[in-house]
Amino acid sequence: MNNLKTYAEITWCKGCGNFGIFTALRNAIPKLEEKGIKREDIVMTAGIGCHAKIFDYLNLSGLYSLHGREIATASGFKLSNPNLKVLTFSGDGSGLGEGLAHTLFAAKRNMDINMILHNNGVYALTTGQFSPLTQEGWKGPTTPKGSFEIPFNPISLLIEVGATFVARCYAGDINHLTETLIRGIEHEGFSFIEILQPAMPYHKWEEYRSEIEFLDKEPKTKEEALTVARNSHRFTLGVFHQASRQVYHKGLYEDHNPIINKLSRDARLDKIRKILGFK
Ligand SMILES: Cc1ncc(C[n+]2csc(CCOP(=O)(O)OP(=O)(O)O)c2C)c(N)n1
Ligand SMILES: [Mg+2]
């Protein structure tokens, strides 16, 4: 279908925040195409969870990954074909629990991929276990007395370890989300876009609507961004940090493009010999 939808039946709960994320992506992709990014150069990967079902509904090429392995898969895409714009759909359980080390290293390396974090503060698909982003006091099947762990602050964490585009959005503000997705996807480097999204069995939209606020202005330096991220409310939306730094594939290959300039076996062996000092 040309509206970026597939024929798969959508099984998200009625009213789920994932619908807003899906709509914003279907708004953003044609705008990116107008800016010269070809649809065949946009690929996606997803973890496992309610968020990851977007892989079935969005008509883009990609690879459905494992729980917590979406960042590793996205990194592999980028390294094997630097022409690609890589979207990786991640959950708070997937990307900040099981896959946390991959997330931190991809940010550290400034891997040129886009991590879209569907933050519903819970393991939704598996029916309500607490996640690394669950709020203190939240009651669920694994936290009947209320969670007593302190959640990560995903924004300051990702700024600290090296992400070069870090933003927070809300599934109920589709215009802001669309614009931020476009900025993040155009950005060269590791983009981290946290999206607050209610999961219907566990949250109400009102809990979000009444708390949402926007950054007064975008911080200019990493230090300023960290201070703002540490001190702002967890419902504060906006771009907290954007910076320019060498991306991983350029550090690794410089301008070599393994798709366009495939090296012969002999040339590769020659390079390896040189690196090892045999020649
Ligand atoms: C390696 C592995 N561990 C655990 C699971 C079970 N599992 C599937 S989805 C999920 C939780 C997903 O939570 P989150 O990433 O926050 O996604 P959501 O469903 O909330 O969108 C878990 C634990 C799995 N499929 N694979
Ligand atoms: Mg979740």
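What follows is a chat about charged side-chain pairs in this predicted model.

Student: How many salt bridges are there?
Tutor: The count comes to ten salt bridges in this predicted model, and we can look at some of them in turn.

Student: Which residue does E179 pair with?
Tutor: E179 forms a salt bridge with K31, and their closest N and O atoms are 3.7 Å apart. Because E179 lies in helix α7 (residues 174-186) and K31 in helix α1 (residues 18-34), the pair ties together parts that are 148 residues apart in sequence.

Student: Switching to D112, what is its partner?
Tutor: D112 forms a salt bridge with K78, the closest N and O atoms being 3.1 Å apart. D112 sits in the loop between α5 (100-108) and β4 (114-119), while K78 belongs to helix α3 (residues 70-80), so this pair links parts that are 34 residues apart in sequence.

Student: And are D112 and K78 buried or exposed?
Tutor: D112 is buried, and K78 is buried as well.

Student: What about R209, which residue does it bridge to?
Tutor: R209 forms a salt bridge with E206, with 3.5 Å between the closest N and O atoms. Both belong to helix α8 (residues 205-209), and because they are three residues apart there, about one helical turn separates them. R209 is exposed, with a relative accessible area of 52%, whereas E206, at 48%, counts as partly exposed.

Terms used: Residues are numbered from 1 along each chain as its sequence is written. Chains are lettered from A and ligands numbered from 1 in the order in which they are written. This is a predicted model: local features need pLDDT of at least 70, side-chain atom pairs count only at pLDDT 80 or more; totals for chains, interfaces and linings use all residues. Side-chain values use heavy atoms; hydrogens and water are left out. A salt bridge is a side-chain nitrogen of Lys or Arg within 4 Å of a carboxyl oxygen of Asp or Glu. Helices (H or I, at least four residues) and strands (E, at least two) are DSSP runs, numbered from the N terminus. Buried means under 20% relative accessible area, exposed over 50%, partly exposed in between (1.4 Å probe, protein chains only).
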